[in-house]
Amino acid sequence: MMPSAPCPWAEHSPLLRDFHDHEWGEPVAEAAILFEYLVLHTFQIGFDFPVVLRRREAFRELLAGFDPERLARFGAEEVEDLLHNPRILRNRRKLEATLQNARAWLRLRQELGGDEQLLAFFYAFVGGFPLDTQRSANNPVPLSTPESEALSKELKRRGFTMTGPVTCYSILQTAGMVNDHLLAARAIPSA
């Protein structure tokens, strides 16, 4: 693998730089982290990711630590309470999608036989291993790929919502299933 350079989007704030350097693009080995990314990217739809990332700890606190089992038990009363909390992005469709996705996540985990199999399900869309798609500065990152389109279609078939191809590609990138880090520029030796 070629060395990577800091991605330009990560240079806008210390929060983004820390996320880039310690999380984004690191292959996920825990289903709980993957579910957290699913929740965060559901709320990211229509916003720049920093808007969501700045509220991450509030989301963690108010959305039951991103625990799908606890979220699946949320009902209309919890949604109404959350819609009045200014610490998070207050969007009924996204909150209800998060609860629906928690229920779909639990059904899928049960059907597959556990967290390890659930991770393997997601990794299967990239051939079982992270795809190395590092890019040069003049080769922009796509909004979606055939892999994210296939994942989106399968998640929707299984009862997930707000998981379009662009959202799925963002999840694949964040979870390190696709490595879209910017390649470091090579120095040209002098003659």
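This is a predicted model: local features need pLDDT of at least 70, side-chain atom pairs count only at pLDDT 80 or more; totals for chains, interfaces and linings use all residues.
I noted a volume of about 660 Å³ for the largest pocket, a volume being the space filled by probe spheres set on grid points that are joined across faces, edges and corners. Of the 30 lining residues, I found Trp 9, Trp 24, Val 141, Ser 170 and Gln 173 closest to the pocket centre. For the term itself I used a 1 Å grid over the protein atoms alone, where a pocket is an open set of points with protein on both sides within 12 Å along at least five of seven lines, the points being those where a 1.4 Å probe fits, and lining residues have an atom within 4 Å of a point.

**Which helix supplies the largest share of that lining?** I looked this up by element and found that helix 10 gives 6 residues, the largest share, while helix 1, helix 2, helix 3 (49-53) and helix 10 each supply at least two. Helices are DSSP runs of H or I with at least four residues, strands are runs of E with at least two, and both are numbered from the N terminus.

**Helix 10.** I then turned to helix 10 (residues 165-174), where 8 of the 10 residues are buried, buried meaning under 20% relative accessible area, exposed over 50% and partly exposed in between, with a 1.4 Å probe and protein chains only. The buried residues are Thr 167, Cys 168, Tyr 169, Ser 170, Ile 171, Leu 172, Gln 173 and Thr 174, and they pack against helix 1 (14-22), helix 2 (31-44), helix 9 (146-157) and strand 3 (178-179). Just after helix 10, I recorded a positive phi of about 70 degrees at Gly 176.

I noted Phe 66, a residue other than glycine, with phi near 60 degrees, in the loop between helix 4 (56-62) and helix 5 (68-71); Phe 66 counts as buried because its relative accessible area is 3%. Met 162 is not a glycine either and has a positive phi of about 55 degrees; I placed Met 162 in the loop between helix 9 and helix 10, and its relative accessible area of 16% makes it buried.

**Glu 11: where does it sit?** I found Glu 11 in the loop between strand 1 (4-5) and helix 1, and its relative accessibility of 46% is why I listed it as partly exposed.

**Whole chain.** I counted 10 helices and 4 strands, and 48% of the 191 residues are buried. Of the contacts (heavy atoms within 4.5 Å) with a separation of 6 or more, 69% join residues 24 or more positions apart.

**Conventions.** I kept numbering from 1 along each chain as its sequence is written, and side-chain values use heavy atoms, without hydrogens and water. Local features need pLDDT of at least 70 and side-chain atom pairs count only at pLDDT 80 or more, whereas totals for chains, interfaces and linings use all residues.
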